[in-house]
Amino acid sequence: MLDTIKMDLSDPYYYQQWKKLIENEGLYIENLDDITETIGIYDEDKLIATGSYFNNVLKYLAIDQEYQGGNVFNKLVSYLISNLASQNIFHVFVFTKTQYQSSFEYLGFKMVAKSRFSTLLETGDYSIDQYISELPKVSGNNISAIVMNANPFTLGHRYLVEEAAKQSDMVYVFVVSQNASLFKTSERVELVKAGTKDLKNIVVITGDDYMVSFVTFPSYFIKSRSDVVTYQTELDAQVFKRIAKSLNITKRFVGEEPYSPTTEIYNQSLKKILAPEIVLEVLKRKEIDDDIISATKVRQAIAEADLETIGKYVPKATFDFIKMNLKDLLRRINNGN
């Protein structure tokens, strides 16, 4: 008889069993902080299957070779989904190798996007088709997009939006949905709207679960660690292309990244993958006194309660919000956000 239990990975007894099974199945262990809960299926004392989740994303699904191909997989996935449902989470994602796509589809998952190496699937009470149907539709022959975290919205972000607006009939500004940021998603959306309200051809919307930071895509099944950013970018770009097609978006604007090799690789990969349907326009970053504006510098200044530096880099609406909420922002920083 098979037993299913919750595994405490902080316990060396469970961790070593879990690590052995994960590595035997060709997976690579990333940050354990990105695991909310892990379950294990045992045949007597032998761990034969395991799966984890972080928020609403299934991760680290591994099954011993002898038990692959049927009931154990179904039992594992069903248990994880039921566990999430008990927490009122009914929209679930999984990133997996392409060869396992059909196994998840058999259990009711539907493909969101697919790259050469991996597939993103979802199941539950919401879907990318619903997200797309709810997006505001605009008219125009030259429709562009920007995807930004805006943590917080700076004069650099404002410059990127201004330039896109000059070159486009309409611009969609997708704000990445990521509450792990210092500024909550709702706050970032409102600051982008406030900072661009004078621009009439701008539509600001949240990216929901589909416009996420590319670094949040799991890479535990990618063998070559040097290829992680490229593979993550492929999947990110395919999700974006699916959304862009329905909105007639033909151009995407990004800022150059002279100090971030990872983001520079991301931009270069994005350019290749989006073509030919979508042109990637890379703009030179805005500078003040030969100093590139960045949200990282603003967050550092917030940590130091340096209002003078903050005021140098952000629009008035962002500055007023930071000044009014400085104590709360400092508390978030001290709590690890």
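**Entry 1: Lys241 and Glu277.** I looked up the side chains of Lys241 and Glu277 and found them joined by a polar contact of 3.1 Å (a pair of N or O atoms within 3.5 Å; within protein, one must be able to donate a hydrogen and the other to accept it, and residues adjacent in sequence count only if both atoms are side-chain atoms). The model is predicted: local features need pLDDT of at least 70, side-chain atom pairs count only at pLDDT 80 or more, and totals for chains, interfaces and linings use all residues. Residues are numbered from 1 along each chain as its sequence is written, and side-chain values use heavy atoms, with hydrogens and water left out.

**Entry 2: surroundings of Lys241.** I counted Lys241 as buried because its relative accessibility is 16% (buried means under 20% relative accessible area, with a 1.4 Å probe and protein chains only). Leaving out residues up to four places away in sequence, I listed Ile273, Leu274, Ala275, Glu277 and Ile278 as touched by Lys241 (contact means heavy atoms within 4.5 Å). I placed Lys241 in helix H7 (helices are DSSP runs of H or I, at least four residues, and strands are runs of E, at least two, numbered from the N terminus).

**Entry 3: the sheet.** I traced an open sheet of seven strands with mixed pairing, in the order S1-S2-S3-S4-S5-S7-S6 (two strands pair if DSSP finds at least two bridges between them). I noted S1 (2–7) and S6 (110–114) as the edge strands, each pairing on one side only. For S5 (residues 91–97) and S7 (residues 118–124), I recorded antiparallel pairing over seven bridges. Thr96 stands opposite Thr119 in S7. I also found that helix H7 (residues 228–247) packs on the sheet and touches S5, S6 and S7.

Note on methods: Axes are lines fitted to C-alpha atoms, for helices over the stretch in contact, and angles run from 0 to 180 degrees between N-to-C directions. Buried means under 20% relative accessible area, exposed over 50%, partly exposed in between (1.4 Å probe, protein chains only).
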